[in-house]
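My notes are below, in the order I looked things up.

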Amino acid sequence: MPGRAAEFELPHAAPLPDLLDSVLAGGRVTLCTQCAARRDLTEKDLVEGVRIAGAQVFVQEALADDTQALVY
């Protein structure tokens, strides 16, 4: 959600806004369908470039030939 990454702080870790920007620049951020539904979120509630998708999409992307990293 816009602005939320800036509120998150974890000692000894890179700032979350920087990490999010890096991932969005070179990959995709997907929010699972169930997590979004539990929080009453839609794609219009999210940062630009973040999408909502279910398990089928996760499996397709995890098994794709060009997949380099998965963060769950």
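**Entry 1: the overall layout**

First, a reminder to myself that this is a predicted model. I counted the secondary structure and got four helices and two strands. Going along the sequence, I wrote the pattern down as α-α-β-α-β-α. I then boxed the C-alpha atoms along the principal axes, and they fill roughly 35 × 30 × 20 Å.

How much of the chain is buried? I find that 10% of the 72 residues count as buried. The chain exposes about 6,100 Å², and carbon and sulfur atoms supply 55% of that area. I also checked contacts with a separation of 6 or more, and residues 24 or more positions apart account for 25% of them.

Next I went after charge pairs. Side chains of opposite charge can pair when their charged atoms come close. I found three salt bridges in the structure.

I started with Arg4 and Glu7, whose closest N and O atoms are 3.6 Å apart. That counts as a salt bridge because the cut-off is 4 Å. Both residues sit in helix H1, which covers residues 4-7, and they are three residues apart, about one turn of the helix. I looked up how open each one is. Arg4 is partly exposed at 48% relative accessible area, while Glu7 is exposed at 60%.

**Entry 2: the pairs around Glu61**

Which residue does Glu61 pair with at 2.5 Å? The partner is Arg28, with 2.5 Å between the closest N and O atoms. Glu61 is in helix H4 (residues 55-63) and Arg28 is in the loop between helix H2 (16-26) and strand E1 (29-32), so this pair ties together parts that are 33 residues apart in sequence. On accessibility, Glu61 comes out partly exposed at 22%, and Arg28 counts as exposed at 57%.

Glu61 also makes a salt bridge with Arg51, and here the closest N and O atoms are 2.0 Å apart. This pair links distant parts of the chain too, with Arg51 in strand E2 (residues 50-53) and Glu61 in H4, 10 residues apart. Arg51 counts as partly exposed, with 25% relative accessibility. I noted that shared partners join Arg28, Arg51 and Glu61 into one network.

Most residues other than glycine have a negative phi, and most peptide bonds are trans.

I placed His12 in the loop between H1 and H2. Is His12 buried or exposed? At 86% relative accessibility, His12 counts as exposed.

Where is Asp40? I placed Asp40 in the loop between helix H3 (33-38) and E2. Asp40 is exposed as well, with a relative accessible area of 68%.

While there, I took a distance from Asp40 to Leu19. Their C-alpha atoms are separated by 25 Å, and the two residues are 21 apart along the chain. Leu19 is in helix H2 and counts as partly exposed at 41% relative accessibility.

**Entry 3: the largest pocket**

Last, I looked for empty space. Rolling a probe the size of a water molecule over the atoms shows where empty space is left.

The largest pocket holds about 1,800 Å³. How many residues line this pocket? I got 38, and the ones nearest its centre are Arg28, Val29, Thr30, Leu31 and Val71. Arg28 is a name I already had, from the salt bridge with Glu61.

I also asked which elements build the lining. H1, H2, E1, H3, E2 and H4 each supply at least two residues. H2 gives the most, with six residues. Sorted by type, the lining of the largest pocket divides into 24 nonpolar, nine polar and five charged residues.

Note on methods:
Residues are numbered from 1 along each chain as its sequence is written. This is a predicted model: local features need pLDDT of at least 70, side-chain atom pairs count only at pLDDT 80 or more; totals for chains, interfaces and linings use all residues. Side-chain values use heavy atoms; hydrogens and water are left out. A salt bridge is a side-chain nitrogen of Lys or Arg within 4 Å of a carboxyl oxygen of Asp or Glu. Buried means under 20% relative accessible area, exposed over 50%, partly exposed in between (1.4 Å probe, protein chains only). On a 1 Å grid over the protein atoms alone, a cavity is a set of points where a 1.4 Å probe fits but cannot get out, and a pocket is an open set with protein on both sides within 12 Å along at least five of seven lines; lining residues have an atom within 4 Å of a point. Grid points are joined across faces, edges and corners, and a volume is the space filled by probe spheres set on the points. Ala, Val, Leu, Ile, Met, Phe, Trp, Tyr, Cys and Pro count as nonpolar, Asp, Glu, Lys and Arg as charged, and the others, Gly among them, as polar. Contact means heavy atoms within 4.5 Å. Accessible areas come from the Shrake-Rupley method with a 1.4 Å probe; for residues, only the protein chains shown count as cover.
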